[in-house]
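Thanks, everyone. Please bring up the structure on your screens, and I will walk you through it.

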Amino acid sequence: MQALLSFDKAPPFAAPLRFFLTAPIFAMAAGLLLAWSGGEMLASRWMPSLLAAVHLLTIGFMLQIMLGATIQILPVVAGANLARPMRVALWLHGGLSTGALLLAAGFWFGQPALLSAAAVALGLSTFAFLGAAGRALSGVPSTSPTIRGLKLALAGLAGAVLLGAMLALALARGWPLPVMAMADLHVGWALGAWGGTLLAAMAYVVVPMFQLTPGYPARPSWWFPGLLMALAVAWGLAIASDSTGAARVAQGGMALVGMAFAALTLRLQRQRRRARADATYRYWQLGLYCAIFALFQALTATILPQLADWAGWSLVFGILMIVGAFMSFIIGMLYKIVPFLAWLHLQNAGCTPAPAMNKLLPDASMVRQWQAHVLALVLLLGAVVVPDFLARLAGIALTVAAGGLFYNLLSIVQRYRAYLEAAKAK
Amino acid sequence: MNRPPPERIVDARYLEPPEPFVRTMEMLDTLQPGESMMLLLFREPHPLYRVLRQNGHDYETALQDDGTFEILIRR
């Protein structure tokens, strides 16, 4: 059984782990920036300090984990193998970390040279990764909605990064681009065409597997990624042809598709066969409700655009979508994936029987960290209303919650090493 | 796709990893050459496919409307 269980093509543990361990540090940095700046950061969505903090979360935390996990899951969910996973992990991790820091510093200090350097670092590293992933996926037929979703998501990432790099260069060099409309489009591609599609492709596999729910029905699963992508393209074309009305329709359509996916996932979760509400389940419930609320906001803003004139409107959307939804989905998945990988690598290293996964990280530690995350989310939302009272506190809470995640992940690695040493000593 | 008799069906849809893999390999061990079995899962098991190919087994997969992947495996 030992030999049969060995995933001979699985990348070494260190490949995804470097992304997973670095990401919480970026989230802590975002919290510290808010704690440092206080309420002025929340004056509008265009505040340079806010743009710095947001990109520490979206690139430093989210993209870091999403791509680290993609390196790991390509062989498992698509049967696609990267040629040299460890090498890809090394330079991609370096490129993303450097790029996220340069971008945040560029916004924070208002330095055009740093913004340009960030655009180059992030553009090069993501496109080199897309090349490696594209080679691995070439010739892999789309036999499941997950594989189709994964391919479309990678196209979404290309669009999101291109738009982001163009915006950074436009700011740095004063290019005459419609920056505000393009920034909305960039958000749509980054959180929808890339994030939403990747999330759906992964959810088809991990929600039934980790939460013991029924499977996603086949028909909507095939349609969801393509529909999201088609609407993202339509939105882009509408901006290019200066058609605000069409852009709004596409934007509203994406919000509706996202809400439908979240509602379907909530329905599946209600039919789950595991009675216990573990940390992953709690994180996904939180994420799904936050996503539905944020997408409802996006939908109403397409019908009543004057709503978005209130500065807090975009801030609440961003907090719900990034901290409430995506970070929650990601941390919820990490709490299953990292102990599972540790278990798998222990098993493969001859440590049999490998320790139960809850020995590697007790559920109580994860639930405590979830509580810290919920508190940070509530304080962040409160800080939009009363920035002077709550912004610094919310920043500290976000730092503490991300620190808790870092500590939990590190303790899995420490226990993994201890079991490995014990097995070698036998 | 010819459905094998119920005793040759591993319904692993509500089982956690690595249980589906373990049960499939255990049932495969009981089959005679030429006989077949079916695995039901809510995902495509690519790591299992690799092991099946390495061991020279044929397999055929169909996705049903409810999201079940039916994997017919011949020994």
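This is a predicted model: local features need pLDDT of at least 70, side-chain atom pairs count only at pLDDT 80 or more; totals for chains, interfaces and linings use all residues.

Start with chain B. Four of its strands form an open sheet. The order is β1-β2-β4-β3, and the pairing is mixed. Which strands sit at the edges? They are β1 and β3 of chain B, each pairing on one side only. On average, neighbouring strands of this sheet are turned by 15° against each other, direction ignored.

Now strand by strand. β1(B) covers residues 9-11 and pairs with β2(B) in the parallel sense, over three bridges. Two pairs to look at here. B:Ile9 has B:Met38 of β2(B) as its bridge partner. B:Val10 stands opposite B:Leu39, also in β2(B).

Stay on β2(B), residues 36-41. Is this strand largely enclosed or left open? Five of its six residues are buried, so the rest of the structure largely encloses β2(B).

Next, the other end of the sheet. β3(B), residues 58-63, and β4(B), residues 69-74, run antiparallel, and six bridges join them. B:Asp58 is bridged to B:Arg74 in β4(B). The two strands make a hairpin with five residues between them. Look at B:Gly67 in that hairpin: its phi is positive, near 90°.

α1(B), residues 19-30, lies across β1, β2 and β4 of chain B. Relative to β2(B), the helix runs at about 170°.

On to the cores. The largest nonpolar core has 160 residues. Which of them touch the most other members? They are A:Ala30, A:Ala53, A:Ile65, A:Leu103, A:Ala394 and A:Leu398. By element, helix α11 of chain A, residues 311-348, gives the largest share of this core, with 22 residues. Zoom in on A:Ala394. Leaving aside neighbours within four places in sequence, A:Ala394 contacts A:Leu34, A:Ala376, A:Leu379, A:Leu380 and A:Ala383. There is also a second, separate core of 14 residues. Among its members are B:Leu28, B:Met38, B:Phe42 and B:Leu48.

Now a helix pair in chain A. α7(A) and α8(A) pack with their axes 10 Å apart, at an angle of about 170°. Anything over 145 degrees counts as roughly antiparallel. These two helices are therefore roughly antiparallel to each other. From α7(A), the contact includes A:Leu185, A:Trp189 and A:Tyr204. From α8(A), it includes A:Phe224, A:Leu228 and A:Trp235. What is the make-up by class? The contact has 15 nonpolar residues, six polar and no charged ones.

Last, the two chains together. Their contact takes 24 residues from chain A and 21 residues from chain B. On the chain A side, α1 (2-5), α3 (48-78), α7 (179-211) and α8 (218-240) each supply at least two residues. α3(A) gives the largest share of that side, four residues. By class, the chain A side divides into 16 nonpolar, five polar and three charged residues.

That is the tour. Questions, please.

Terms used:
Residues are numbered from 1 along each chain as its sequence is written. Chains are lettered from A and ligands numbered from 1 in the order in which they are written. Two strands pair if DSSP finds at least two bridges between them. Two residues are in contact if their C-beta atoms, placed from the backbone, lie within 7 Å. Ala, Val, Leu, Ile, Met, Phe, Trp, Tyr, Cys and Pro count as nonpolar, Asp, Glu, Lys and Arg as charged, and the others, Gly among them, as polar. A nonpolar core is a set of buried Ala, Val, Leu, Ile, Met, Phe, Trp, Tyr and Cys residues joined through C-beta atoms within 7 Å. A residue is buried if 20 or more other C-beta atoms lie within 10 Å of its own, exposed if 12 or fewer, and partly exposed in between; C-beta atoms are placed from the backbone. Axes are lines fitted to C-alpha atoms, for helices over the stretch in contact, and angles run from 0 to 180 degrees between N-to-C directions. Angles under 35 degrees count as roughly parallel, over 145 as roughly antiparallel, 65 to 115 as roughly perpendicular and the rest as oblique.
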